[in-house]
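I opened this entry to look at how two chains meet. My notes follow in the order I looked things up.

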Protein chains: 2
Amino acid sequence: MKKINIALVGAGVVGSSLIWQLHEKHKRIIDEFNVDIRIVKVLVRNKEIKREVPQQSILFSNNDNAGLFADSLVTDIDEIVSDDIDLVVEVAGGIDDAYKIISSALNNSKSVVTANKALLALKGNELYEIARKKGVDLLFEAAVGGGVPIIRPIRESLAVEHINSVRGILNGTTNYMLTQMTRESKRYDQALLQAQELGFAEADPTADVEGYDAAAKIAIISLLATGANASAQDVQCKGISGIRLEDIESAHNLGYVIKLIALVQERDERSVFLRVEPTFVPLDHPFSTVHDSFNAVFVEGEKLGEVMFYGRGAGGDPTASAVLGDTIDAAINISYERKGAAVGFAFDKTIADPREWISKFYVSAEVVDEPGVLAQIAQVLAKHKVSVESMNQVGQGDKAKLVFITHECADGYICDVVQDLTTLSCVDAVTAVYPIMQ
Amino acid sequence: MKKINIALVGAGVVGSSLIWQLHEKHKRIIDEFNVDIRIVKVLVRNKEIKREVPQQSILFSNNDNAGLFADSLVTDIDEIVSDDIDLVVEVAGGIDDAYKIISSALNNSKSVVTANKALLALKGNELYEIARKKGVDLLFEAAVGGGVPIIRPIRESLAVEHINSVRGILNGTTNYMLTQMTRESKRYDQALLQAQELGFAEADPTADVEGYDAAAKIAIISLLATGANASAQDVQCKGISGIRLEDIESAHNLGYVIKLIALVQERDERSVFLRVEPTFVPLDHPFSTVHDSFNAVFVEGEKLGEVMFYGRGAGGDPTASAVLGDTIDAAINISYERKGAAVGFAFDKTIADPREWISKFYVSAEVVDEPGVLAQIAQVLAKHKVSVESMNQVGQGDKAKLVFITHECADGYICDVVQDLTTLSCVDAVTAVYPIMQ
């Protein structure tokens, strides 16, 4: 049996967990899959750090006797892509070094498994294209959704399906915070503080709360599901920092819960919508029960209909499990000299104008409590051809608030409506605009 | 490129849809997967029936010119497993002929794809064992959950995971009926009638409403997920025909919804619990939003945590998509002379005594409205060491009802409690017992 020689980039939480899992399952993987995986090199910054991994294992050996973990350590990134390596597994993160290693590996016809979300969201198309040309694997289950199987089912669905849209709750931190705000009536800043105390949110929470993390993930998904020529910056992105408790309560009273939804949706054969934004989700939709740091993805296929995947979004062990699954797949393909799993998209789809995206919307505004307000607002809506499903005035006097839900209309029309509303003397402020999921 | 010659058993709704999909995607499958799939034989009962399939296609040909569907038809089951066949795809259903064809194919080292739930629930172990010995594929995604990817994720998880339990809403008919009973306050018989009128339930609905269909599916899942030596009869099975509207209302008032839950759960290294029964599901659990004919499966793995899969349970196109996915997988394995995907269980696990299964339970009883009733009932509970989380008397006089929720206890103790309660003079009847999902 041919040995599959791996170069592992990174031996932190995920890397160490992966080494343990490979160590424990080495024999079982041989029995089940007929592949003998060895870790020939481990790239680290500092060889001296004590790491919680098996120090001695057949994994690190070239024969039937155990080898030493210490002997596999290298610190020079140029040493990673060498002739004896079959497969590069990158779990270190970062952009520049990771890009250098991965593109060099792919260009040298070596398969790559990576958990590097940031890199894929930036340069996914380019790397994917190299993998496709060279006929090798570029697998990245762990880059999106940690332990939730998302990438693989999409990849497999694609074999037989045309995918119309993928929607997801892709960021565990914001979902935890929204759960706290919804269940415990915590304000945004309280929820953030708690998430930081529990280690769910970082000291600088920008990437999570402003939706950039979810944007990177949906860009990666769009690459695979639709072949769109997209990176994270192409995503129309709005975070959760503007969500007020009263929006959550208002949503609840109408039968909705607010979730940060990422979506890629085909506009036509040539373009896709890419969005991340807080969204009203109906209480009887499965997304409404995705609590805390769980993630979920809805894939809508032409024949398959709607399929959802759900699971815990992060953590060293689940992420390492996802990396291990990819590693075994890539090893099998190498072992059987089978072409990699890269799907043959042309990456010729463009990003559609977000203003053309169609949805129902919830809008709330602070208004002056006087006769004729409704008429003025109705006129603005009529001017932009937005028809209204329901409109309610809540409160009186200084606290007067107008809430309306539109029928389906283009996002751009709603933007125009909001702009025009703010010019009305009877409107103090437009306080909230949310799309409503069907 | 080697042609992969398929013998297709059955050309009904699923078979026809499969032929269309293969016809339309023939070139794409070659481009993506490097396998050239041909349908050499199609087993039908009657050649004369007009079928809605492409009458002429490269699928039915041995070369680059289109062949005729009519020329592929055979009616003799002994003709199916011949030397020129690489893969048997069975979508006809039934037991005897299907068993004969599939076991003969496997014994002749030919891979098999099947959608035959009944056969697998009866003889899955035996067939699986042959496939394993011969190193060929026995794939059956479509046998469980139609278009919901259930079998494949379990199979793939297994590569890296130990699975502790699988719970599922596996029967679309009963889930549709329960949705009607919950949302529209329909009685069981009204919901059944409506399901029959809409074609969701059959004239004889026994297999669905008594849980036998779900039992067959969970038996198949248990085979794959735990290696239990189980068939459908081993499942502790209770259907939905005894569910009263007041149970549904009572559940709702306590924050639950009633779902027919199938489960396989590891008791220890040597045995598993296998159950199908109406269960109280918390309203904030994802299962509570699985409505109508949708299916869902929760897999609990050691490292991966909880993962859920959700989608539409049935229908010709989704089922055919699932069969197509399996067919491509098997064709790839044949093409690369790769060992089949059969997982190497020893099938040595037994079925645990259902009385030992642990859960919280909901119990309701009609009682005589007189002093001392609570004390008598509490005594029965104490005798069987069942501790109670809450106990409430609802209504007065003739309508007096006692409802209690237990802490976690063994199923057998609850059975004993119920039996003892019915012997008390103050208890008219125990009207409902439901396990409560956590």
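I started with polar contacts across the interface of chain B and chain A, and found 6 residue pairs, both partners at pLDDT 80 or more. I then listed the elements of chain B that give two or more residues to the side touching chain A: α1 (13–33), α5 (151–160), β13 (294–301), β14 (305–312) and α11 (316–335). I kept in mind that this is a predicted model.

Next I looked for salt bridges. The rule finds 2 across the interface of chain B and chain A. I checked one of them: the side chains of B:D284 and A:R183 meet at 2.8 Å, N to O.

Then I took the totals. I count 47 residues of chain B in contact with 47 residues of chain A. The two chains bury about 3,900 Å² between them. Carbon and sulfur atoms carry 56% of that area.

How are the chains related? I superposed chain B on chain A with a rotation of 180 degrees and 0.0 Å of shift along its axis, at RMSD 0.0 Å. The two copies are therefore related as by a two-fold rotation axis. The same surface serves both: 100% of the contact residues of chain B recur in chain A. I also asked which residue of chain B comes closest to the rotation axis. That is B:F309, with its C-alpha at 2.4 Å.

Last, I went to helix α1 of chain A, residues 13–33. A straight helix of 21 residues would span 30 Å, but this one spans only 26 Å between its end C-alpha atoms. I found a bend of about 65 degrees in α1(A) at A:K25. Just after α1(A), A:N34 takes a positive phi of about 65 degrees.

Definitions and conventions. Residues numbered from 1 in each chain as written. Chains lettered and ligands numbered in written order. Predicted model: local features only at pLDDT ≥ 70, side-chain atom pairs only at ≥ 80, totals over all residues. Heavy atoms only, no water. Least-squares fit on C-alpha atoms with pLDDT ≥ 70 in both. Contact = heavy atoms within 4.5 Å. Helix = DSSP H or I, 4+ residues; strand = E, 2+ residues; numbered from the N terminus. Expected span 1.5 Å × (residues − 1). Bend = angle between axes of the 7 residues up to and from the residue. Buried area = accessible area lost by both parts, 1.4 Å probe. Salt bridge = Lys/Arg side-chain N within 4 Å of Asp/Glu carboxyl O. Polar contact = N/O pair within 3.5 Å; in protein donor to acceptor, adjacent residues only side chain to side chain.
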